[in-house]
Amino acid sequence: MADQVIAGTDLSRLRELNSLTVVRALRDQPLATVTELAKLTGLSRPAVDVIAQGLVTGGWATVVEPGASSTVGRPARRYRFRATAGHVIGVDVGAHKILALLADLDGNVVHTVRSAVAADADPGERLAALDETLAACLREAGKTAEDIWAVTVGVTGPVDATGRTTLFTPLPGWRTVDLPAHLSGRFTCPIIVENDCKLAALAEQWRGAARDANDIVFLLAGMRTGAGLIIDGILRRGYGGAAGEIGALKAVRWLAAPSHLEHCPGVPATVSPDDAAAWVFNAARDGNRDARTAVNRYVKDLAVGTAALVLALDPQIVVFGGGFSRSADLVLDPLRRELRKLCLRVPDVRASTLGAEIVALGALRLALIEVDQRLLTAGLSAPVAPRRAEPA
């Protein structure tokens, strides 16, 4: 009797693993017939046929009926992963904004909500703005918290294993915030908190300028300079979440680099400190000598920390991103020249293509990775089973 129970359990687990194998194949293949899925998975065609029908019934796949065709015989039905079985949310909690993206399981963005927040907002004010942004995102997309399978939030500063920014962060009072605990009152799904630079690096590898690379240094360049590292295709966090925070070392000059732009001679008094860099870059394009000098000094300082990372990691690509990437036309060539002076081998230096949504996009990517990992470890019942199948 015991042997029968064990055998039954093993058979059930085998079926689950085979179903997961087919789901994974569908995740990587936009449309596939039973024959194609059998080749992709190594399973027999009859087994795949039964599994595919079960996935449709369970809400994991949809059938794409064959259209009119001149071929002889009945065209094969094709199957598609049902990306709307669940959804994920990626959030960028910045100094001046909160940006939330809601996407299906293929990463297609369904809805976007952006809210302004004061740079000097205290934790209570910033969390209230975050709550309202998430509520609006769900409401306007016609979703509930139960429809969300993972949430990732990007914040400024190194994030430790508990989701806190205890080492440092420019957000006032944010070191005391336990974001996973706060959001657990709204969501029952996994909640991940990660550093904004690291998420931006993920976004560049996923949908940006570094899709062809596995070894990447991402520079988040703005009034604060940071870096995200992907080595051998894996996002590197470090033991305490502080990998890439080379700017903390004063000798690499990242801390002072933006000050060349902020304090450039000739910046009108009517221009706010937050807008000074944009004014300087525009003036440099117009040939202003002081502005060109300020940009060159900024690039020289940026190159020191970048060279340290390049020499340590030997990446294939350096991506110049963040707010200053809008002025990459003034930065990339001088940065390459400086790196040639400092590095044994100069990687390909590219400008980011993702704009202001980059951190939230990286947050979406990390949320999707979490969903896939849970599917592999816990099976098709996790994070939650699809509520219902949609018509093909």
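Biologist: Which residues does V88 touch, leaving out residues up to four places away in sequence?

Modeller: Please bear in mind that this is a predicted model. With those sequence neighbours set aside, V88 touches L101, L102, A103, D104, L105, I148, A150, L364, A367, L368 and V371.

Biologist: What is the general idea behind a nonpolar core, and which residues have the most contacts inside the largest one?

Modeller: In soluble globular proteins, nonpolar side chains tend to be buried together. Here the largest nonpolar core has 57 residues, and L26, L55, V88 and L105 have the most contacts inside it. Helix α11, residues 358-378, supplies the largest share of this core, with 11 residues. Another core lies apart from it and has 39 residues, including L219, V280, V318 and F320. Over the protein, 51% of the 392 residues count as buried.

Biologist: In what order do the strands of the five-stranded open sheet lie?

Modeller: The order is β6-β5-β4-β7-β8, and the pairing is mixed. The edges are held by β6 (109-116) and β8 (191-195); each has a single partner strand, so one side of each is left without a neighbour in the sheet. From one strand to the next, the twist averages 15 degrees.

Biologist: How many bridges join β4 and β5, and in which sense do these strands pair?

Modeller: Strand β4 (residues 87-93) and strand β5 (residues 97-104) are antiparallel partners over seven bridges. As one example, V93 has I98 in β5 as its bridge partner.

Biologist: Which strands does helix α4 touch where it packs on the sheet?

Modeller: Helix α4, residues 123-141, touches β4, β5, β6 and β7 (148-155), and its direction makes about 30 degrees with that of β5. Helix α6, residues 196-207, also packs on the sheet, where it touches β7 and β8. The direction of α6 makes about 95 degrees with that of β8.

Biologist: Which residue is the bridge partner of T33 in β3?

Modeller: The partner of T33 is R78. This belongs to the antiparallel pairing of strand β1 (residues 32-33) with β3, over two bridges. Strand β2 (residues 61-64) also runs antiparallel to β3, joined to it by four bridges. There, T62 stands opposite R80.

Biologist: How many helices and strands does the protein contain?

Modeller: The protein has 11 helices and 13 strands. Its C-alpha atoms fill a box of roughly 80 × 45 × 45 Å along the principal axes. Among contacts between residues at least 6 apart in sequence, 66% join residues at least 24 apart.

Conventions
Residues are numbered from 1 along each chain as its sequence is written. This is a predicted model: local features need pLDDT of at least 70, side-chain atom pairs count only at pLDDT 80 or more; totals for chains, interfaces and linings use all residues. Side-chain values use heavy atoms; hydrogens and water are left out. A nonpolar core is a set of buried Ala, Val, Leu, Ile, Met, Phe, Trp, Tyr and Cys residues joined through side-chain atoms within 4.5 Å. Buried means under 20% relative accessible area, exposed over 50%, partly exposed in between (1.4 Å probe, protein chains only). Contact means heavy atoms within 4.5 Å. Two strands pair if DSSP finds at least two bridges between them. Axes are lines fitted to C-alpha atoms, for helices over the stretch in contact, and angles run from 0 to 180 degrees between N-to-C directions.
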